[in-house]
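Hi,

Here is the model I promised to pass on.

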Amino acid sequence: MRIILLGPPGAGKGTQASNIANEFHITHISTGEIFRKIQKEGTSLGLKAKEYIDKGLLVPDDLTVEIIDDRLDRKDCIEGFILDGFPRTIIQAKALDDKLKAKKISLDLVINIQLKNQLIINRITGRRICENCGENYHTNFYPPKIEGKCDLCGGQLFQRKDDQEETIKKRLEVYTNQTQPLIDYYKDKGILHTINGEQSIEGVFKDIKIILQGVL
Ligand code: AP5
Ligand code: MG
Ligand code: ZN
């Protein structure tokens, strides 16, 4: 199964992509996670990406496409994958089309998670991430058992640098201008499914499963 998860920042793409990857045994690919990883490693690519991420801007298309191009060639993508946070521009979507065509495969569906801006701000400002294993928490909606510590590995939880209110506003603006047009792009291809992202984590996942089971 080959899936794209679309949606504004904080929509729950990462949360739901992990759920889908676990239940359907497919590879979860998040460009945001890849960028944060190479940034932490201090590679030149990572430091270049950081300049954009910290300002709430998109990393340039050529750099992003190159990263995805390599990632999709790895063995763990053969059985399927779920893309979380890619594509984010029409240029990236077209590059993905070309890549899949060359591999003689196609997308099964695109899931668009929709929700109001105010909810987005609440979700992002409360998000905490494990510095060790990357698990996501939320101070109100999905708190860890012990404050500040990861339930899975005991690692410290931290807040992403781009999760401050001013940067979130910029990310939302960038989403509206550059990413939202992808909704029509995939609607025209007949593979778009829109989901109400204003439900609980479990409620959203239930809706996603109904759609996925329909295409299996
Ligand atoms: P990225 O990491 O992809 O960030 P994003 O798209 O802004 O989305 P988030 O990760 O903030 O949110 P999410 O939708 O994954 O929500 P989550 O599940 O965490 O990208 C970061 C940056 O990298 C970009 O700004 C850009 O600079 C760069 N970048 C990445 N990809 C790129 C690309 N393709 N091209 C160019 N640049 C790129 O949920 C949020 C919180 O809410 C969590 O705390 C969670 O626990 C909670 N939550 C989730 N669902 C629910 C629910 N249903 N109810 C209550 N709480 C919930
Ligand atoms: Mg995410
Ligand atoms: Zn952890």
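A quick word on the element names: helices (H or I, at least four residues) and strands (E, at least two) are DSSP runs, numbered from the N terminus. This is a predicted model, so local features need pLDDT of at least 70 and side-chain atom pairs count only at pLDDT 80 or more, while totals for chains, interfaces and linings use all residues. Residues are numbered from 1 along each chain as its sequence is written, chains are lettered from A and ligands numbered from 1 in the order in which they are written, and side-chain values use heavy atoms, with hydrogens and water left out.

Let's start with ligand 1. It is surrounded by 33 residues, and the closest are Thr15, Leu57, Arg88, Arg127 and Arg171; a residue is near a molecule if one of its heavy atoms lies within 4 Å of it. Which elements supply at least two residues each to that shell? They are α1 (13–24), α2 (31–41) and β6 (136–138), with α2 giving the largest share, 4 residues. Sorted by class, the shell holds 12 nonpolar, 13 polar and 8 charged residues. Here Ala, Val, Leu, Ile, Met, Phe, Trp, Tyr, Cys and Pro count as nonpolar, Asp, Glu, Lys and Arg as charged, and the others, Gly among them, as polar.

Next, the polar contacts, meaning pairs of N or O atoms within 3.5 Å (within protein, one must be able to donate a hydrogen and the other to accept it, and residues adjacent in sequence count only if both atoms are side-chain atoms). Backbone atoms meet nitrogen atoms of ligand 1 at two residues: a polar one of Val59 at 3.0 Å, and an N or O of Gly85 at 2.9 Å. From its side chain, Arg171 places an N or O atom 2.7 Å from an oxygen of ligand 1. Of the 1,000 Å² of accessible area that ligand 1 has on its own, the protein covers 97% (Shrake-Rupley method, 1.4 Å probe; for residues, only the protein chains shown count as cover).

Now the metal. What coordinates the zinc ion (ligand 3)? The SG atoms of Cys130, Cys133, Cys150 and Cys153 do, at 2.3 to 2.4 Å. Donors are N, O and S atoms within 2.8 Å of the metal (3.2 Å for Na, K and Ca); water is not among the atoms, so sites may look incomplete. Along the chain the donors follow the spacing C-x2-C-x16-C-x2-C. Cys130 is buried, at 2% relative accessibility, whereas Cys133 is partly exposed at 40%. Buried means under 20% relative accessible area, exposed over 50%, partly exposed in between (1.4 Å probe, protein chains only).

A few backbone details are worth a look too. Most residues other than glycine have a negative phi, and most peptide bonds are trans. The bond from Phe86 to Pro87 is cis, with omega near -5°; Pro87 sits in the loop between β3 (81–84) and α5 (90–102). His25, in the loop between α1 and β2 (27–30), has a positive phi near 55° and is exposed at 65%. Lys104 has a positive phi near 60°, lies in the loop between α5 and β4 (109–114) and is exposed at 75%.

Cheers
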